[in-house]
Amino acid sequence: MVTGDAQAVVAIGRQCPEAAGWPEESYARLEELGYRGWVAVAGEEICGFLVARCAAGEAEILNLAVKPERRRQGHARGMLRAAMEGLKAEGVREVYLEVRESNAGAQAFYEGAGFERSGRRLSYYEQPKEDAVCMVHRLVP
Ligand SMILES: CC(C)(COP(=O)(O)OP(=O)(O)OC[C@H]1O[C@@H](n2cnc3c(N)ncnc32)[C@H](O)[C@@H]1OP(=O)(O)O)[C@@H](O)C(=O)NCCC(=O)NCCS
């Protein structure tokens, strides 16, 4: 993801209520914030994005979404693979994330990609209030 992708990325985020609703400015300032971003491209169009942050050998996936009409075409799998390779090359050993308890689709996606459930955060989300399922993927045994 580069600065010029921010507008397309925020437009995808608006179509995906399950994703974190970040303002365009956050995507435009990824580098400054120390975050890493990846986009998926179909034809000429950005159809998905993934944002992570990493520090001290650990990374957290902060946001991931694919346009509704482009789902189940492997775009998220491709972005996650690229992200995991990039993060591993930076020395990341473990990747964490939180996902709404009701978001069964994303949980199935992450489990299929090798993430395991590691816990739960009570009432982690607002509007609506809901628990988070915590997941982890260990890149180095
Ligand atoms: C979760 C999400 C990113 C998956 O994107 P995607 O591009 O459709 O995923 P992929 O096509 O790469 O899926 C890879 C595999 O994950 C699994 N998977 C993906 N979506 C799934 C779903 N809704 N239900 C069950 N399994 C799913 C399947 O095994 C799939 O392989 P298959 O299509 O060959 O069966 C997408 O549904 C999305 O944007 N959801 C809204 C935002 C969101 O929930 N973000 C996560 C917040 S933490």
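Predicted model: local features only at pLDDT ≥ 70, side-chain atom pairs only at ≥ 80, totals over all residues.
Six strands form an open sheet with mixed pairing. Their order is β1-β2-β3-β4-β6-β5. β1 and β5 (116-125) stand at the edges. Each has a single partner strand, so one side of each is left without a neighbour in the sheet. From one strand to the next, the twist averages 25°.

β1 and β2 run antiparallel and share eight bridges; here Y35 stands opposite R53 of β2. β4 and β6 are also antiparallel, joined by seven bridges, with Y96 opposite V136 of β6. β5 and β6 are antiparallel too, with six bridges, and R120 faces V133 of β6 across that pairing. As a general rule, strands of a sheet pair through backbone hydrogen bonds, either parallel or antiparallel.

α5 lies across β4 and β6. α5 runs at about 160° to β4.

## The nonpolar core

The largest nonpolar core holds 32 residues. V9, F49, L50 and A52 have the most contacts inside it. In soluble globular proteins, nonpolar side chains tend to be buried together.

Leaving out residues up to four places away in sequence, A52 touches Y35, R36, A59, E60, I61, L62, A83 and L87.

## Around the ligand

Which residues come nearest to the ligand? They are E18, R71, A76, R77 and G105, out of 20 residues around the ligand. By class, the shell has 10 nonpolar, six polar and four charged residues.

β3, α4 and α5 (104-112) each supply at least two residues of this shell. α5 gives the most, with five.

## C134 in strand β6

C134 lies in strand β6. Is C134 buried, exposed or partly exposed? It has 17 C-beta neighbours inside 10 Å, so it counts as partly exposed; a buried residue would need 20 or more.

Beyond residues up to four places away in sequence, C134 touches Y96, E98, S118, G119, R120 and R121. C134 and R100 are 34 residues apart in sequence, yet their C-alpha atoms are 9.0 Å apart in space.

Most residues other than glycine have a negative phi, and most peptide bonds are trans.

With 9 C-beta neighbours inside 10 Å, S123 counts as exposed. The hairpin of β5 and β6 has four residues between the strands. Q127 is exposed, with 7 other C-beta atoms within 10 Å.

How values were computed. Residues numbered from 1 in each chain as written. Core = buried A, V, L, I, M, F, W, Y, C linked by C-beta atoms within 7 Å. Buried ≥ 20, exposed ≤ 12 C-beta atoms within 10 Å, placed from the backbone. Contact = placed C-beta atoms within 7 Å. Near = placed C-beta within 6 Å. Nonpolar A, V, L, I, M, F, W, Y, C, P; charged D, E, K, R; others polar. Pairing = 2+ DSSP bridges. Axes fitted to C-alpha atoms, helices over the stretch in contact; angles between N-to-C directions.
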